Amino acid sequence: MNVLSAMAGICDGEFCKKFTKENIDIITLGGYNSDLETDTAGIENTKNNRQEFIIKPTELSSHISKQVEIIRNYNPSWQGLISVNLRGIKPESFRVVKNNKNIDILEINAHCRQEAVVKAGAGEGLLKDKKRLSQVLDEVSSYDMDVSVKIRANVCGVDTLEITKLIESYNIDYIHLDATNPGIMEADYEIIEEVSNNTEIHLIGNNSVTTHDDYMKMINSGADSVSVARAALNGNIQDIFLLNMKN
């Protein structure tokens, strides 16, 4: 499957709808903030000229439903899935969307590395607190929707394979791996291969995918699907997804 990854402050219905006509199977809305702590972190991020969705958590579910409606109405024939990327610091944070029937996939954000987000305990902060991550996974495993966990590789002090095994011990459908390669402007394909060889969960490879060659490297390294983010800002990503060998 071909995946449009979340981009905070960017991936809403209006931005995403056009990709229903560009060979995308999963569209990810967000990232959104699901509690007071992450909402405050998002506001702090805007002070550094970072784009963010600033929406009250109590209004988040209805906002998401409107974004899904925009996408579905734009292209009623599109049969793809809508994923929603959420930041949260505790299990109950994610209950804001528990009963939203418009969401196909809930994606737990354990990858954002902005200082304010991590300091609040969300994003990478979850990777560094396995007990709290376990509590979140236990919470969302019972939801009536598929669940994805987006994680970042090569985070200092975090064993990516250990995190993968923790995720696999719960009822989780996707691992979305941002294969960050510190100091190198290319994905860490070795960690994609390692994770692929050590999990049965559907693996979505992410990071620095801007060409079809990048896409094929992800697939050949063991990713079941590939996601793009910044490459989508150019508006046309069909050239990247010329062939999906593992759909």
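How many cavities of 30 Å³ or more does a search of the whole structure find?

Guide: The model shown here is predicted, and a search through the whole of it finds 1 cavity of 30 Å³ or more. As background, rolling a probe the size of a water molecule over the atoms shows where empty space is left. In the largest cavity, that space comes to about 40 Å³.

Val3, Ile26, Thr28, Ser83, Ile105, Glu107, Ser148, Tyr174, His176 and Ile204 line the largest cavity. Two or more lining residues come from each of these elements: strand E2 (26-33), strand E4 (105-110) and strand E6 (174-178).

The search of the whole structure finds 0 disulfides. Cys112 takes part in no disulfide, and the nearest cysteine sulfur, that of Cys11, lies 12 Å away. Cys112 counts as buried, because its relative accessibility is 6%, which is under the 20% limit. As for Cys156, its sulfur is 19 Å from the closest cysteine sulfur, in Cys112, and this is too far for a bond. Cys156 has 72% relative accessibility and therefore counts as exposed, the limit for that term being over 50%.

How values were computed: Residues are numbered from 1 along each chain as its sequence is written. This is a predicted model: local features need pLDDT of at least 70, side-chain atom pairs count only at pLDDT 80 or more; totals for chains, interfaces and linings use all residues. Side-chain values use heavy atoms; hydrogens and water are left out. A disulfide is a pair of cysteine sulfur atoms within 2.5 Å. Buried means under 20% relative accessible area, exposed over 50%, partly exposed in between (1.4 Å probe, protein chains only). On a 1 Å grid over the protein atoms alone, a cavity is a set of points where a 1.4 Å probe fits but cannot get out, and a pocket is an open set with protein on both sides within 12 Å along at least five of seven lines; lining residues have an atom within 4 Å of a point. Grid points are joined across faces, edges and corners, and a volume is the space filled by probe spheres set on the points. Helices (H or I, at least four residues) and strands (E, at least two) are DSSP runs, numbered from the N terminus.
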